[in-house]
Amino acid sequence: MTDQLNNRIEKFTATGRLLAVWGTGAAGKGDGQFDTPHAVAVDGWGNVYVADTHNNRIQKLSPAGRFLARWGANGGDGTAGLGNGEFNDPRGIAVDERLRAAENVWAIGDVSGVALFTHVGKYQARVAAADVAGRPAKADYRAIPAGIFTDPEVATVGRTEGDGLVSARWELTATPRLSTYERPKRDGFVRVFADPAERVLVGAVAVGPQAAEWLGQLTLAVRSATPVDVLLDTIQPYPTFSEAIFFALRELADALP
Ligand SMILES: Cc1cc2nc3c(=O)[nH]c(=O)nc-3n(C[C@H](O)[C@H](O)[C@H](O)COP(=O)(O)OP(=O)(O)OC[C@H]3O[C@@H](n4cnc5c(N)ncnc54)[C@H](O)[C@@H]3O)c2cc1C
């Protein structure tokens with residue numbers, strides 16, 4: 001899998017044991033180095049193909065991680081190109097909002113390079129199937145949730161950085177739910193992000209027990225562009241982690257102009 005922020009490729013066994021790490025960690029243009037690697041494909045011989053996004057090239061590595069070849073403008077030296085076999089920010093197979101890659105060809109999942117999650121592939125499958133069947137469908141990626149199943153569990157959705165976003169945070173220790181839940185070993189919080197001009201929620205981060213579960217209502221809020229005032233007027237059950245969402249939203253409403 002790609003470790004984009006660390007500019008590395010990590011190889012795991014089927015049971016998730018780390019086998020190898022390729023790349024230097026720092027962004028580099030050398031052979032076998034990467035700058036924001038995106039999609040990875042493996043051929044029948046175990047060779048690995050990496051979309052080396054910001055180097056505008058594809059690199060081919062042997063099953064043991066030895067550099068074999070690079071493709072792109074000027075032999076893959078990092079220059080962007082628009083010609084056949086050249087790349088400009090390659091991320092996978094280019095698809096449109098209906099997942100069409102070409103006439104009567106659809107591409108879904110990791111190869112589309114949109115977001116490398118099972119649930120995104122499944123969503124894209126539904127959109128592509130509707131399009132194949134002649135029903136109107138367009139992929140909307142505003143609210144892609146992601147869960148990291150560590151302790152504490154971490155979950156995010158939507159935009160959590162960018163110019164002008166207003167955010168507010170609430171610690172889980174300040175919610176009554178912790179009195180009824182088996183007390184977590186580590187602290188958690190919820191942070192919500194809003195577009196001040198539209199006064200709608202655009203993103204959220206949740207950290208704590210089963211965070212990927214209770215992030216759900218925030219995913220719906222981001223996807224449906226629900227006004228912050230409507231979210232604030234929503235009754236949350238007591239005692240739940242969802243109450244932390246209400247408290248964070250209350251702080252957010254105060255911070256919004
Ligand atoms: C360690 C790990 C943990 C992950 N955890 C999560 C998680 O918790 N939640 C989540 O949402 N996502 C997770 N992901 C990401 C998730 O696994 C992928 O996003 C998802 O599997 C993508 O589905 P896909 O069908 O696009 O591709 P894949 O599941 O990779 O399926 C592609 C298939 O094509 C086959 N194939 C490849 N080349 C060829 C070829 N030349 N000919 C024929 N067949 C070929 C492959 O063998 C494979 O079976 C994790 C990924 C990894 C590596």
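A nonpolar core is a set of buried Ala, Val, Leu, Ile, Met, Phe, Trp, Tyr and Cys residues joined through C-beta atoms within 7 Å. Buried here refers to a residue with 20 or more other C-beta atoms within 10 Å of its own; exposed refers to 12 or fewer, partly exposed to anything in between, and C-beta atoms are placed from the backbone.

The structure is a predicted model, in which local features need pLDDT of at least 70 and side-chain atom pairs count only at pLDDT 80 or more, while totals for chains, interfaces and linings use all residues. Residues are numbered from 1 along each chain as its sequence is written.

**Overall**

The protein has 7 helices and 14 strands. Both are DSSP runs numbered from the N terminus, with at least four residues (H or I) for a helix and at least two (E) for a strand. Along the principal axes, the C-alpha atoms fill a box of roughly 60 × 45 × 35 Å. Of the 257 residues, 30% count as buried. Two residues are in contact if their C-beta atoms lie within 7 Å. Among contacts between residues at least 6 apart in sequence, 49% join residues at least 24 apart.

**Core**

The largest nonpolar core has 30 residues, and Val192, Leu201, Ala204 and Ala206 have the most contacts inside it. At least two residues each come from strands E11 (154-158), E13 (189-195) and E14 (200-207), and from helices H4 (211-214), H5 (216-223), H6 (228-232) and H7 (242-255). The largest share, 6 residues, is from E14. In soluble globular proteins, nonpolar side chains tend to be buried together.

Setting aside neighbours within four places in sequence, Ala204 is in contact with Thr156, Val157, Gly158, Val190, Arg191, Val192, Phe193, Leu215 and Leu218.

Two strands pair if DSSP finds at least two bridges between them. An open sheet of 4 strands is ordered E4-E5-E6-E7, with antiparallel pairing. From one strand to the next the twist averages 20 degrees. Two of the pairings are tabulated.

| Pair | Sense | Bridges |
|---|---|---|
| E4 and E5 (residues 48-52) | antiparallel | 4 bridges |
| E6 (residues 57-61) and E7 | antiparallel | 4 bridges |

Ala41 stands opposite Tyr49 in E5, and Gln59 stands opposite Arg70 in E7. The hairpin of E6 and E7 has 5 residues between the strands, and Gly65 in this hairpin takes a positive phi near 90 degrees.

A residue is near a molecule if its C-beta atom lies within 6 Å of it. The ligand is surrounded by 14 residues, the closest being Met1, Gly109, Asp110, Phe117 and Thr118. E4 and helix H2 (118-132) are the elements that give two or more residues to this shell. H2 supplies the largest share, 3 residues.

By class the shell has 6 nonpolar, 6 polar and 2 charged residues. In this count Ala, Val, Leu, Ile, Met, Phe, Trp, Tyr, Cys and Pro are nonpolar, Asp, Glu, Lys and Arg are charged, and the others, Gly among them, are polar.

**Glu86**

Glu86 lies in the loop between helix H1 (73-76) and strand E8 (100-102). Glu86 counts as partly exposed because it has 17 C-beta neighbours inside 10 Å. Not counting residues up to four places away in sequence, Glu86 touches Gly72, Ala73 and Gly81. Leu68 is 18 residues from Glu86 along the chain, and their C-alpha atoms are separated by 18 Å.

Notes: Axes are lines fitted to C-alpha atoms, for helices over the stretch in contact, and angles run from 0 to 180 degrees between N-to-C directions.
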